[in-house]
Amino acid sequence: LVAGRKIVGLAQWRSRQGALVHGCAYRRWEPEPLIDLLVMDARARRLFTATLASAAIGLDTLEMPATWGRADLEAALPDGPSWDVRAETSPPGAAPH
């Protein structure tokens, strides 16, 4: 968070077969196209726009250098366990491991 505004969003999907975890850091946070898809009255639209606009922040707003990219983002992450993608299969009817 920067000044109470989210920079990186994370989501996950889980099943018995495994999990998918993904994240996103926006260069520009522009919630208006999403809000335009929703059906609501004008008062609710103004309130929702103000609330959502202040909920997150884009990297460009933080004045990150134009050359800043994935390697810089990874280097800025704290040390911890590494992440990888694995697929394990079990024979039909077998309990997953």
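This report describes the fold, surface and selected side-chain contacts of a predicted model.

**Overall layout**

The protein contains three helices and two strands, arranged along the sequence as β-β-α-α-α. Of its 97 residues, 7% count as buried. The accessible surface amounts to about 8500 Å², and carbon and sulfur atoms account for 59% of that area. When contacts between residues at least 6 apart in sequence are considered, 45% of them join residues at least 24 apart.

**Salt bridges**

The structure holds two salt bridges, listed here with the distance between nitrogen and oxygen.

| Residue pair | N to O distance |
|---|---|
| Glu30 and Arg28 | 3.7 Å |
| Asp36 and Arg45 | 3.9 Å |

In the pair formed by Glu30 and Arg28, Glu30 is partly exposed because its relative accessibility is 48%, a value that lies between the limits of 20% and 50%. Arg28 has a relative accessible area of 52% and is therefore exposed. In the pair formed by Asp36 and Arg45, Asp36 counts as exposed at 57% relative accessibility, whereas Arg45 counts as partly exposed at 24%.

Thr49 is a residue of helix α2. Its relative accessible area is 22%, so Thr49 is partly exposed; the class of buried residues would require a value under 20%. The side chain of Thr49 reaches the backbone oxygen of Arg45 at 2.7 Å, and the side chain of Arg45 meets that of Asp36 in a salt bridge. Leaving aside residues up to four places away in sequence, Thr49 touches Glu32 and Ile35. Between Thr49 and Asp36, which are 13 residues apart along the chain, the C-alpha separation is 9.6 Å.

**Nonpolar surface patch**

Which residues form a nonpolar patch on the surface? The patch consists of Leu34, Leu37, Leu38 and Phe48, and together these residues have about 380 Å² of accessible area. Leu37 sits in the loop between α1 (32–36) and α2 (42–53). With a relative accessible area of 69%, Leu37 is exposed.

**Aromatic pair**

The count of aromatic pairs comes to one. Tyr26 and Trp29 have ring centres 5.4 Å apart and planes at 50°, so the pair is tilted. The angle matters for this label because planes under 30 degrees apart would count as stacked and those over 60 as edge-to-face. Tyr26 is partly exposed, with 43% relative accessible area. Trp29 is also partly exposed, at 24%.

**Backbone at Ala3**

Ala3 is not a glycine, yet has a positive phi of about 50°. Most residues other than glycine have a negative phi. Ala3 belongs to the segment before β1 (8–15). Is Ala3 buried or exposed? Its relative accessible area is 78%, so Ala3 is exposed.

Notes:
Residues are numbered from 1 along each chain as its sequence is written. This is a predicted model: local features need pLDDT of at least 70, side-chain atom pairs count only at pLDDT 80 or more; totals for chains, interfaces and linings use all residues. Side-chain values use heavy atoms; hydrogens and water are left out. Patches are made of residues with over 30% relative accessible area and no salt bridge: like charges are joined within 9 Å, nonpolar side chains (Val, Leu, Ile, Met, Phe, Trp, Tyr) within 5 Å. Accessible areas come from the Shrake-Rupley method with a 1.4 Å probe; for residues, only the protein chains shown count as cover. A salt bridge is a side-chain nitrogen of Lys or Arg within 4 Å of a carboxyl oxygen of Asp or Glu. Helices (H or I, at least four residues) and strands (E, at least two) are DSSP runs, numbered from the N terminus. Buried means under 20% relative accessible area, exposed over 50%, partly exposed in between (1.4 Å probe, protein chains only). Rings of Phe, Tyr and Trp (its six-membered ring) pair if their centres lie within 6.5 Å; planes under 30 degrees apart count as stacked, over 60 as edge-to-face and the rest as tilted. Contact means heavy atoms within 4.5 Å. A polar contact is a pair of N or O atoms within 3.5 Å; within protein, one must be able to donate a hydrogen and the other to accept it, and residues adjacent in sequence count only if both atoms are side-chain atoms.
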